[in-house]
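Keep the viewer open as you read.

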Amino acid sequence: MAEEKQEKVTIVDFSKEITSKLGGETITFCYQCGTCASSCPVTKTTDRFNPRQVIRLALLGQRDEVLKGDSIWLCASCYNCQERCPQKVEIADVIYALRNMAISEGNIPNIYAEFANALISEGRIVPISKFLEKKRADYGLPPLKPAGIEALKKILSATGFDKITAKKGETQ
Amino acid sequence: MTSYALFLGCTIPARQPQYELSARKALTKLGIELVDLEGMTCCAPPPLQSIDLETSLAIAANNICIAEEADLNIVTLCTGCFESLAMANTLLKEKTELKARVNKILSNAGKEFKGNKEVRHYLQVLMEDVGLDRIKQSVVKPLNKLKVAAFSGCHLLRPSELLRFDDPERPRIFDTLIEALGAKSIWYKNKLKCCGGLLRGYADDVALAIARDKIVNASNAGADCIATLCPFCFLTLDLGQMLIKTTYKEEYNMPIIHYAELLSLSLGVEPKELALDFHKVKIDKVLEKIT
């Protein structure tokens, strides 16, 4: 009995945690119709991802399975599901909220750590080679204006983004 | 002359000078002045939104602030940049509490998002500022012999609630602009479906399978080329065909061409001025049809 009560608390807590996050506000509107899954280009291609299942697991309080699993990283952010959801669940944004939570707990896939590090050091997520920067003049392109790294660093430090990649693996 | 702050983003200057060149040449020819502003950074696209949505909004807003300070609206070439910036612009203009939160972050960098500028994709600039009539009159090499598979990429259209670009299920703007050059914009299966590009780096096999579908569908419909707007879709489909060759042992030779390149060519810009050697899949058979 006590165990059952504990489980209910976990379910409610995780839902509340998600709805309190930017992007996660609408998750509880889901009634599991599956319009998202049938609109999803990734679900058609692999059984590693099904947006309806991710939402179901989250609403059932399966925190570890959702935040430490592989599935949330398979969303292609195409927003097809979100356009079509009859309950106006902002599904792609919910996935962002779940990824934000996973990352803040140290679960960062390598590619995201690479993007974060490139942003922090260059102000761009795809660094520009010196070679191509020099070639611009040959092509008749104007010199590239420098990125505003100083202002960016202040923003990243204000939100703690600059510390995010340091958390990698902390809880794994 | 209408002036815009040109937001270049990361991928175009890093990988695709042919896109930047063709866009600059075509838009200038059509009477649009492009201003390069100092201090812009990455737009904060989905990979950064995945890390932290609030920081991403602040990064996007910081870029918009630079245009606000210069009293210019923004034009983007990349649809990913369009999505990040237009989404942030709409959200922050319409949600006071969120705007206050983001402005609190921006204050650390001495910035304030005011919300008095527009973020537009260059297709909107072509439709609304230049106009179809002027485009049609400016075409000197009509693309009459070309069957084009239009692929706008997801983030020109979706999320439509915030981007407000075109009908997300039955868009017309991109096709209309292709046909304004004399080409035929053809229907192909799953035309609006994603290219899978954002899964590259995490699930390469899944990304490639989705990209392959796109190439196969355009190929089966008899397209001479796929026209793109997003540098990431371009990379996924152009470079992707090299990977399809090694992984699936299939060769499609489907030219992937940015709309800006088609536009420039139809306006009479010489191919040699456009750095076309940045295409992995050669586009000679398309060029042969433009006379």
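The largest nonpolar core has 149 residues, and Ala61(B), Ile64(B), Leu85(B), Cys225(B), Ile226(B) and Ala227(B) are the ones touching the most other members. Such a core is a set of buried Ala, Val, Leu, Ile, Met, Phe, Trp, Tyr and Cys residues joined through C-beta atoms within 7 Å; buried means that 20 or more other C-beta atoms lie within 10 Å of a residue's own, with C-beta atoms placed from the backbone. Helix H4 of chain B (residues 53–69) gives the most to this core, 10 residues. Helices (H or I, at least four residues) and strands (E, at least two) are DSSP runs numbered from the N terminus.

A word on the source: this is a predicted model, where local features need pLDDT of at least 70, side-chain atom pairs count only at pLDDT 80 or more, and totals for chains, interfaces and linings use all residues. Residues are numbered from 1 along each chain as its sequence is written, while chains are lettered from A and ligands numbered from 1 in the order in which they are written.

Back to Ile226(B): leaving out residues up to four places away in sequence, its contacts (C-beta atoms, placed from the backbone, within 7 Å) are Ala149(B), Phe151(B), Ala218(B), Leu237(B), Met254(B) and Ile256(B).

Chain B also has an open, parallel sheet of four strands, ordered S2-S1-S3-S4. Strands count as paired if DSSP finds at least two bridges between them. S2(B) and S4(B) sit at the edges, each pairing on one side only, and the twist averages 40° from one strand to the next.

| Strand | Residues |
|---|---|
| S1(B) | 2–7 |
| S2(B) | 32–35 |
| S3(B) | 73–76 |
| S4(B) | 119–121 |

Four bridges join S1(B) to S2(B), and Ala5(B) has Val35(B) as its bridge partner in S2(B).

Now for the interface: 49 residues of chain A and 50 residues of chain B take part. On the chain A side, H9(A) brings the largest share, seven residues. The axes of H9(A) (residues 149–159) and H4(B) come within 10 Å and cross at roughly 155°; axes are lines fitted to C-alpha atoms, for helices over the stretch in contact, and angles run from 0 to 180 degrees between N-to-C directions. The two are therefore roughly antiparallel, a label for angles over 145 degrees. Among the residues that meet there are Leu152(A) and Ile155(A) from H9(A), and Ala58(B) and Ile59(B) from H4(B).

Conventions:
Two residues are in contact if their C-beta atoms, placed from the backbone, lie within 7 Å. A residue is buried if 20 or more other C-beta atoms lie within 10 Å of its own, exposed if 12 or fewer, and partly exposed in between; C-beta atoms are placed from the backbone. Angles under 35 degrees count as roughly parallel, over 145 as roughly antiparallel, 65 to 115 as roughly perpendicular and the rest as oblique.
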